[in-house]
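Let's take a walk through this structure together. Keep the sequence and the picture at hand as you read.

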Number of protein chains: 2
Amino acid sequence: MAGMNSGADETSLGTRERFHDAVVQALGERIVGGSLAAGASIGTEQELCDQFGTSRTVIREAIKILSAKGLLDSRPRSGTRVTDHSEWHLLDPQVLAWRLGAIDGSERARLDLYELRQSFEPAAAELAAARATPQTLQKMKHALLGMTLASSADEKIEHDLAFHTAILAATGNAFYLALGSLISAGLKHVFKVSLEQTAKEDERWIRRHQNVYEAIAEGNGQAAAEQMKNLLREAQEVQKLEPPKSGS
Amino acid sequence: MAGMNSGADETSLGTRERFHDAVVQALGERIVGGSLAAGASIGTEQELCDQFGTSRTVIREAIKILSAKGLLDSRPRSGTRVTDHSEWHLLDPQVLAWRLGAIDGSERARLDLYELRQSFEPAAAELAAARATPQTLQKMKHALLGMTLASSADEKIEHDLAFHTAILAATGNAFYLALGSLISAGLKHVFKVSLEQTAKEDERWIRRHQNVYEAIAEGNGQAAAEQMKNLLREAQEVQKLEPPKSGS
DNA sequence: AGCTCCTATTTGTATAATGATTTATATTTT
DNA sequence: AAAATATAAATCATTATACAAATAGGAGCT
């Protein structure tokens with residue numbers, strides 16, 4: 001059974017998922033989800049081959065990927081073990097997604113993430129106010145418009161996150177952008193299409209974003225930071241009350 | 001010549017470096033360093049085998065690791081290519097190190113990193129002031145003591161970064177800690193042992209850190225944030241003047 | 001030009017064999 | 001008995017080879 005395309009058919013969207021991606025996904029969820037304690041062995045390569053029905057090549061490549069994310073450590077004879085949680089690359093997109101998707105502790109993770117956002121996004125807004133160009137302002141405006149015109153909650157969230165990303169990009173600091181797009185990607189998968197907001201709440205929400213935009217466009221850094229702080233505080237409040245809902 | 005231990009002897013410190021690590025390092029530096037433009041091919045697996053003198057397995061595992069860090073993308077027939085810079089996981093320890101170590105643009109990266117620190121570390125100090133425990137305070141104190149007693153500049157820097165990490169840990173927010181230890185690890189490798197500070201400057205530097213500590217110990221969040229802000233601003237000033245020097 | 005089909009190239013997967021390393025066990029020595 | 005040493009076994013690391021699958025690019029046709 002070499003190189004066959006067994007098992008569940010892929011949805012065949014362009015490129016088929018490679019085998020090791022499935023293994024990475026499965027093991028990643030187990031590890032970050034907490035099924036495997038720190039220091040626990042994930043089994044020998046041969047056992048994993050049997051378990052997933054793939055060759056050792058695939059298993060090894062999956063292990064290498066997870067090791068690159070700080071989740072595993074392989075040694076001859078002692079096997080491949082889950083590393084201490086402090087070693088995990090929590091700021092890796094996949095690791096973050098697994099963490100946010102875990103049944104246990106995902107709410108905590110979400111609140112922690114908001115706490116982090118509250119510290120760096122206002123500062124980013126302040127920098128953006130000082131450095132924004134017509135082009136970067138245009139992107140923010142486009143995202144804002146998208147929020148108002150969005151037909152689905154999904155679409156709304158998409159533009160919402162795009163707005164924040166645009167601000168981070170406007171700082172011209174690659175690290176802000178990296179951190180922001182990471183968090184956006186993570187949260188995008190978390191926000192289930194739920195609890196449609198009423199038109200009134202919606203309007204207020206967009207108004208908050210517009211306030212941030214206007215402060216940035218005026219070049220008023222302090223006001224931009226302040227507005228962003230307000231926005232995020234309100235978003236976090238909503239999160240606390242109704243776990244997986246909308247809105248950044 | 002199967003499974004031999006050819007080439008340059010390792011320094012044999014505990015576990016020998018695996019072959020793919022060397023390939024990852026070499027390719028990572030090339031990619032992040034800018035020798036390979038976005039979209040450029042890194043060559044076929046066979047070519048890389050010849051180039052590094054290893055088997056295809058090793059090359060493939062290295063490519064998988066770099067792909068996990070968002071640097072590469074492989075497709076049948078078209079080969080393995082460098083991804084767009086926006087895809088890179090800049091917050092991966094190795095990627096960050098390569099970026100900070102690059103000949104070109106490393107100074108910019110360092111300043112950007114400080115800009116990011118200035119946004120989240122004061123906030124972390126404020127949180128730490130509210131949540132610190134005797135244990136976490138103890139760690140800060142220990143790091144402070146280490147700074148004063150340090151004999152070498154290296155040791156001083158080590159304790160300096162440990163102090164900041166201790167504060168981030170005291171927030172109880174895993175994301176702050178992840179971000180902080182990432183940056184610490186990155187900067188640790190950057191700070192060359194250079195320009196010994198005079199005893200007088202040294203004293204002032206430690207005093208600044210003590211101010212932060214005291215504010216946290218008192219539970220005065222606002223003061224802690226303020227002191228941290230001052231500390232980082234001063235550190236950045238130093239950075240601007242004399243590129244690779246000490247001190248966070 | 002535009003379309004279809006073919007082919008060659010390149011990555012993806014499987015398998016088997018050997019080397020290297022480390023843990024555990026057994027043996028010897030003191 | 002305790003400690004040091006040698007042996008053995010398990011497991012990852014590396015190599016080699018073969019075939020499958022996907023696709024870019026060209027040949028040929030309309």
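What follows goes from the pair of chains to the helices and then to the hairpins.

First, some ground rules. This is a predicted model, in which local features need pLDDT of at least 70 and side-chain atom pairs count only at pLDDT 80 or more, while totals for chains, interfaces and linings use all residues. Residues are numbered from 1 along each chain as its sequence is written, with chains lettered from A and ligands numbered from 1 in the order in which they are written.

Start with how the two chains relate.

Now look at where the chains meet. Here 26 residues of chain B are in contact with 26 residues of chain A; two residues count as in contact if their C-beta atoms, placed from the backbone, lie within 7 Å. On the chain B side, α3 (56-68), α5 (106-131) and α8 (174-190) each supply at least two residues. Helices here are DSSP runs of H or I with at least four residues, strands are runs of E with at least two, and both are numbered from the N terminus. Which helix gives the most to this side of chain B? That's α5(B), with eight residues. Sorted by class, the side of chain B that touches chain A has 15 nonpolar, three polar and eight charged residues. For these classes, Ala, Val, Leu, Ile, Met, Phe, Trp, Tyr, Cys and Pro are nonpolar, Asp, Glu, Lys and Arg are charged, and the others, Gly among them, are polar.

Stay with α5(B) for a moment, as it also packs against helix α10 (residues 221-241) of chain B, at an angle of about 160° and with the axes 7 Å apart. Axes are lines fitted to C-alpha atoms, for helices over the stretch in contact, and angles run from 0 to 180 degrees between N-to-C directions. That makes the two helices, α5(B) and α10(B), roughly antiparallel (over 145 degrees; under 35 is roughly parallel, 65 to 115 roughly perpendicular and the rest oblique). Their contact has 13 nonpolar, five polar and six charged residues.

B:Glu45, B:Leu48, B:Cys49 and B:Phe52 of α2(B) make the contact with B:Arg56, B:Ile59 and B:Arg60 of α3(B). By class, that is four nonpolar, no polar and three charged residues.

In chain B, strands β1 (residues 72-75) and β2 (residues 79-82) run antiparallel and are joined by four bridges; strands pair if DSSP finds at least two bridges between them. B:Ser74, for one, has B:Thr80 as its bridge partner in β2(B). Three residues lie between the strands, and B:Arg77 in the turn has a positive phi of about 75°. Over in chain A, four bridges likewise join the antiparallel strands β1 (residues 72-75) and β2 (residues 79-82), and A:Arg75 is partnered with A:Gly79 of β2(A).
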